[in-house]
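Dear colleague,

Please find below the structure that I am handing over to you. My notes on what was found in it follow directly after.

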Amino acid sequence: MAVSAALRAAITRAQNADQHSEPVFSPLRGLGRGRLTPIDLLGQSLSTIAPATGMVFIALWMITYSPGYVGLAAIAATTSAVFLVAFCITQFTRRLAAAGSLYSFVFQGSGIRATLTAGAALVLGYLGISVSVFSQAVPSLLDTIAIVGPDVRGTAATVITTVAIAVAVAWIAVRGVRFATRAILVVEACSLILIVVVMLATHSDTTTAVALPNPSLSAVPFLAMLTVLSMAGFESSAFFGPESKRPLINVTRTVLISPIICGVLFVFAAWAAMTGHGATIVGAYFEGTASGASAEVVLAVKIGMTCSWFASTLGCAQAGSRLLYSMGIERVLPAPLARVHRRFRTPYVAVLAFVAVSAAGVFIYSDTVRDDSGSFDGVVETALVCAYTLVAFASWKFLRRIGEHTSLTRICTLSVSTAGAGLLVYIVLDGAVHGMWALPIAALAVAVSGTVWSALLRRARPESLLTVGAFDSVETADLLPGAGTLLIDGDGRRRLVPDRGTAEGDSPEHGR
């Protein structure tokens with residue numbers, strides 16, 4: 001009887017529901033909701049990280065500076081620290097989906113200035129990663145072509161290759177995430193399998209002859225920072241929450257799984273380098289057949305690494321464009337960035353802008369920065385550590401505000417916040433001691449960016465300050481017929497009001 005009565009009441013409410021009220025939409029609905037599966041999200045995260053390239057570089061530094069088991073422990077400890085950062089991020093991903101990722105999350109716990117600071121740090125970090133991997137993809141592709149065909153390396157070939165890669169990345173990113181992530185996941189998996197097999201199947205005590213600059217940090221802290229940089233983008237699946245199926249579950253799982261997968265691979269690469277199993281693949285990539293590796297192995301390694309560099313460039317473009325899109329929606333950046341392709345539902349203006357800046361950065365990097373790549377990487381690391389620290393502290397404040405803290409969340413959020421702040425101080429001081437002034441300058445620029453940005457917006461577009469922190473919210477179409485009418489009140493908040501004819505006891509507000 002109770003079930004029948006409830007069913008009749010629901011039918012009555014549906015019949016009496018107001019069908020003429022103006023529908024309410026999510027601010028992020030333009031991207032297309034519920035399209036991406038867990039496989040797509042994992043492909044996005046792994047493409048941004050490009051663990052295959054990280055494994056080779058970790059093996060290179062382990063062979064070059066021989067930190068032994070202390071270096072191995074440093075990589076494992078850093079992986080654990082990144083996992084704690086992921087845990088802090090999931091305090092938001094399990095509760096909301098936002099195309100701005102960490103930028104939007106920080107707003108939920110901290111003020112507008114902290115949010116804009118995190119946004120500036122993320123823009124700098126993702127552009128820096130994109131420029132770095134893009135600049136590696138170009139010579140890697142030219143080297144691969146030289147192995148199988150004519151040697152076309154030179155200034156003209158570099159320019160043409162850079163433009164070609166930029167066009168390919170932009171086209172694929174505009175075409176859609178699902179179009180790219182699954183293919184990239186297969187390519188990255190093949191690259192990883194190749195590297196693991198070569199490391200296990202070969203053994204050589206010969207060290208690489210690659211000339212490397214001495215890092216400003218000692219070997220162990222440098223390996224820790226290299227691991228952080230190699231894992232940058234592990235949280236990039238969070239940018240696709242509004243576009244994914246069951247985002248509060250699937251994005252959370254992907255954010256937690258990604259650093260674990262990469263950490264295991266990086267620890268394996270460090271072990272292989274320590275035991276003589278990493279020299280062959282390092283030599284094959286950096287020295288070619290001059291290292292003693294066969295032409296077949298060199299070609300396979302070059303192809304695998306080139307694909308991995310390209311995948312990382314594409315992953316950065318896809319994630320960075322969502323960040324710019326979110327800022328365009330809020331109008332803290334120019335509104336055209338929020339334009340979405342009618343067919344593919346991708347933020348094509350944001351994609352083109354991100355890829356164009358990245359390509360321009362490659363030319364600047366090649367001409368002026370390559371000889372001081374340590375400072376460039378340090379700036380990127382500073383920006384990323386700043387963003388991760390801000391989101392960890394914001395998660396502590398957010399959980400305290402909504403009253404959902406546990407002993408575990410308190411320990412993790414405060415530990416990560418403290419460790420991140422301490423690491424920033426260490427980076428700044430170490431940069432000043434070693435004359436790498438780009439690091440303290442970058443830290444200062446990021447620190448004041450939120451204050452300067454908010455002041456400029458308050459003068460030029462004060463209304464934009466009221467829309468910061470946009471996330472995917474309930475729409476009229478999400479409601480069951482007769483559940484009520486979704487309205488936006490004078491404060492811009494969504495409010496569910498009972499339809500006419502709804503029984504008092506059946507009101508959606510009843511029992512709160």
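Which residues form one aromatic cluster? The cluster consists of F57, Y285, F286 and W309. Rings of Phe, Tyr and Trp (for Trp, its six-membered ring) are paired here if their centres lie within 6.5 Å; planes under 30 degrees apart count as stacked, over 60 as edge-to-face and the rest as tilted.

Before the details, please note that this is a predicted model, in which local features need pLDDT of at least 70 and side-chain atom pairs count only at pLDDT 80 or more, while totals for chains, interfaces and linings use all residues. Residues are numbered from 1 along each chain as its sequence is written, and side-chain values use heavy atoms, with hydrogens and water left out.

Overall composition

The protein has 16 helices and 2 strands; these are DSSP runs numbered from the N terminus (helices: H or I, at least four residues; strands: E, at least two). Of its 512 residues, 52% count as buried, where buried means under 20% relative accessible area, exposed over 50% and partly exposed in between (1.4 Å probe, protein chains only). Contact means heavy atoms within 4.5 Å. Among contacts in the protein with a separation of 6 or more, 81% are between residues 24 or more positions apart.

Aromatic pairs

By the ring rule given above, the count comes to 11 aromatic pairs. One of them joins Y365 and F376: the ring centres are 5.0 Å apart and the planes stand at 75°, so this pair is edge-to-face. Y365 belongs to helix α13 (residues 348–369) and F376 to helix α14 (residues 373–402), so the pair ties together parts that are 11 residues apart in sequence. Both Y365 and F376 are buried.

A stacked pair is formed by F393 and W396, at 5.6 Å centre to centre and with 25° between the planes. These two residues are 3 residues apart in helix α14, which means that about one helical turn separates F393 from W396. F393 counts as partly exposed because its relative accessibility is 36%, whereas W396 is buried, with a relative accessible area of 18%.

Packing of α2 and α10

Two packed helices are described by the angle between their axes and the distance between the axes. Helix α2 (residues 38–49) packs with helix α10 (residues 247–274) at an angle of about 40°, the axes being 10 Å apart. Axes are lines fitted to C-alpha atoms, for helices over the stretch in contact, and angles run from 0 to 180 degrees between N-to-C directions. The angle makes α2 oblique to α10; angles under 35 degrees count as roughly parallel, over 145 as roughly antiparallel, 65 to 115 as roughly perpendicular and the rest as oblique. On the α2 side, P38, L41, L42, S45, L46 and I49 meet N250, V251, T254, S258, I261 and C262 of α10.

P242 lies in the loop between α9 (219–230) and α10. With a relative accessibility of 2%, P242 counts as buried. Apart from neighbours within four places in sequence, P242 is in contact with L28, G32, R33, G34, A97, A98, A99 and D472. P242 and F471 are 229 residues apart in sequence, yet 7.8 Å apart in space, C-alpha to C-alpha.

Yours sincerely
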